[in-house]
Structure formats: C-alpha cells, structure tokens
Amino acid sequence: MTSSQPGSARPTSPTSEPNPPTSETAPPAAGRPLSPTEQRNPASSGLDDLDTLGVLKVLNAEDHAVIDAVAAALPQLAELVDIAADRMRRGGRVHYFGAGTSGRLGVLDASELLPTFNLEPGRVIGHIAGGQAALVNAVENAEDSGADGTAAGAELGPDDVAIGIAASGSTPYVGGALDAARANGAHAVLISNNPFASLAEKADDHIVLDTGPEVITGSTRLKAGTAQKLTLNGFSTALMVALGRTWDNLMVSVVATNAKLRERTVRILREAADLGDADARALLESCDGDLKTAIVVSFTEAAPALAASTLESHDGSVRAAIAELVSPGTVGA
C-alpha cells in the first residue's frame, strides 16, 4: 500500500499567514508545509458578511471535495479491509485511535457494529484521547499525551490492526499509539487529511483524505471530519461484508432489541426467502427469533439446530452455511 497523492482539493499557498495550532494540531516541523486543514480557504473569504443561505451554500459547495477525496483513497482502503479481515479471522482486533472529532468518530464507528452486525464486543474498539469524558467535553492537553497513546497502543498484538485518525496527521496521542502497536507487530495505518503528515513515518501505510482548507480555518469537524466519517463507514461496512455479517445486501446480523428492529427482522426474512408475513413469523419463532438461522432453514430445509450449528462453524456466514448444507449452485442471491 502506498500513500495517496494529493487530490483535487483547492490548493492554498504554503506562504499563507499561519494560524494558531488547534485541537489535533502540533506546530509544523521545520521545513514541513503547514497542513492544508490549517490554511485559509479563499472560497470562504467574507463568510461573516453572507446571509444564512449564503453561508450554507459555501459549506455545501466545499463539501463536494469530500467525495472526491474519499474516492481517491478507495484502493488503499480496500487493501486495509482485506488485511483487517484476514487478521480478524485469526482472532485479531481492529483499534481506532484519535483525539477530538477524529477520536469521537472512531468510537462512534466501533460502537455501531454491535447493533448493526451483531459483532462481538472487543473486536473493533475505539480509543479517544482523554477517555470517555472526551466524548462530550474537551479534555485539556489529552491529545498532546504521547504517553497515553503509547499505553493504549501497547495493548495490541501481532494479529491486530491499529488505525490512527488525525486530520493534521500530527497528534501526539495517535503517534504514541501507532508506535507502540507497530512495535508489538500490529499493522499500523494512519488516516489523515494532510499529504505531509508527520506521523506517516510511524505507520505501515498512510491513507490521505485530501480535503484541503476548511471553510472556517482549522475547523476539522467540517470537511476533514466528514471525509473521515465516510472512510470509517466504508471500511467497517466492507469489513463486515467480508466477514459474512451480511447476506446479499441484507442486514441479517441485526440485533432485534426493540419492536422496530423485530419488525425489520420479519421484513428481511420475507425479502430473503420470499415468504408471506405469517410464514416468516412462524419460521422465526421456530428458530428462536434468530434471523440467520431462519434464512439457512428456508433455503436448505435443515433443522434449526443443524442450521445454527453450521452457522457457528462458519463464523456466522449465511452464505457459507447454505453452501455446506446444499449442493453448489442451488441457492440464489
């Protein structure tokens, strides 16, 4: 995997007036260009003279750069998914490390995998500088603690993947985590919005989301954060698909913890197995409400207990379980 090249985001002269360091940002090293995320954006000049609709139009116009930045990184992201899937099949884990917005996005992405894909706790973990308190409040100097990052990264082993997320690519907490994780044999990746990120040397790979200067200078909760959110969404979703946590494009691993999700489970079974409402509900009941078991039973006519045990032996993959229980080519989708 090689580093992404700067994309099509609007360039700003490196000689633009520097701005004070903000969250996630250390002062640029001597001879290293100022991160694009910290440069002033000429497209938003005079922002406070615009009416409300004008401000929103500027934000929306600049957001178009996000899609292009993420698209440019997709080949690298695909390689990362394959690496992570292989390691997770061996019992490894994925860890996100970040501060501020980047840290919150990592924690959010990790926390959504349990209800959506029934992923076991502790398989994808989000770490934020400053701990749980930093999810809702700024924790002073937390991002500057390389030691805290080192302590968090030291938990990783050779089957794990460490993903550092930092808009400027210079957050000491993230650097400490990547250093420690890599020293323990984990595959270490930096996701940043800075082609010149100083932390790139601490990672095996550097995925650049080149979103350019922000509408409000240095406010990386805007384009940079949006690009990170899309990238993490893509990474974790593709990872769950690779691990068999979906079937076709259906959310078959959903955890039905409320009435809305229980009805969704019935609807998914109806669509997957082409069943009427009453038949779908009866089949789900016979399978103790387990959607994946019900789908396997519907295609193979296996007993629920056999369908469930086959799923377990194939790490919950519906497709693999069906393939074992019927001859190849007889199952659609």
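1. Of the contacts in the protein chain between residues at least 6 apart in sequence, 68% join residues at least 24 apart. Contact means heavy atoms within 4.5 Å. The model is predicted: local features need pLDDT of at least 70, side-chain atom pairs count only at pLDDT 80 or more, and totals for chains, interfaces and linings use all residues. Residues are numbered from 1 along each chain as its sequence is written, and side-chain values use heavy atoms, with hydrogens and water left out.

2. The protein chain has eleven helices and five strands. Helices (H or I, at least four residues) and strands (E, at least two) are DSSP runs, numbered from the N terminus. Of the 333 residues in the protein chain, 47% are buried. Buried means under 20% relative accessible area, exposed means over 50%, and partly exposed lies in between (1.4 Å probe, protein chains only). The accessible surface of the protein chain is about 15300 Å², and carbon and sulfur atoms account for 53% of that surface. Accessible areas come from the Shrake-Rupley method with a 1.4 Å probe; for residues, only the protein chains shown count as cover.

3. The five strands form an open sheet in the order β2-β1-β3-β4-β5, with parallel pairing. Two strands pair if DSSP finds at least two bridges between them. Because β2 and β5 (205–208) stand at the edges with a single partner strand each, one side of each is left without a neighbour in the sheet. On average, neighbouring strands of this sheet are turned by 20 degrees against each other, direction ignored. Axes are lines fitted to C-alpha atoms, for helices over the stretch in contact, and angles run from 0 to 180 degrees between N-to-C directions.

4. Six of its six residues are buried, so β3 is largely enclosed by the rest of the structure. In a regular strand the side chains alternate between the two faces of the sheet. Here Val-161, Ile-163 and Ile-165 point one way from β3, while Ala-162, Gly-164 and Ala-166 point the other way.

5. β3 has pairings with β1 and β4. Strand β1 (residues 94–98) pairs with β3 in the parallel sense over five bridges, and His-95 has Ala-162 of β3 as its bridge partner. Strand β4 (residues 187–192) runs parallel to β3 and is joined to it by six bridges, with Ala-166 opposite Ser-192 in β4. From β3 the chain crosses through helix α5 (residues 172–183) to β4, and this β-α-β crossover is right-handed. Right-handed means that, with the strands pointing away from the viewer, the path from the first strand over the helix to the second runs clockwise.

6. Four bridges join β5 to β4, and the two run parallel. Val-208 in β5 is the bridge partner of Ser-192, and Ile-207 in β5 stands opposite Ile-191. Both faces of β5 are covered: Asp-205 and Ile-207 on one side, and His-206 and Val-208 on the other, are all buried.

7. α6 lies across β1, β3 and β4, and runs at about 175 degrees to β1. α5 touches β1, β2, β3 and β4, and its direction makes about 165 degrees with that of β3.

8. The largest nonpolar core has 30 residues, of which Val-94, Tyr-96, Ile-163, Phe-235 and Leu-239 touch the most other members. A nonpolar core is a set of buried Ala, Val, Leu, Ile, Met, Phe, Trp, Tyr and Cys residues joined through side-chain atoms within 4.5 Å. The elements giving two or more residues to this core are α1 (52–89), β1, α2 (100–111), α3 (113–117), β3, β4 and α6 (223–242). α1 gives the largest share, nine residues. Leaving aside neighbours within four places in sequence, Phe-235 is in contact with Leu-77, Leu-80, Val-81, Ala-84, Val-94, Tyr-96 and Ile-163. A second, separate core of 25 residues includes Leu-250, Val-254, Ala-307 and Val-326.

9. Two single residues remain. His-127 lies in strand β2 (residues 124–128) and is buried, with a relative accessible area of 12%. Beyond neighbours within four places in sequence, His-127 has contacts that include His-95, Tyr-96 and Tyr-173. Leu-275 is in the loop between α7 (259–273) and α8 (277–286) and counts as partly exposed, at 25% relative accessibility. The C-alpha atoms of Leu-275 and Ser-298 are separated by 9.1 Å, although the two residues are 23 residues apart along the chain.
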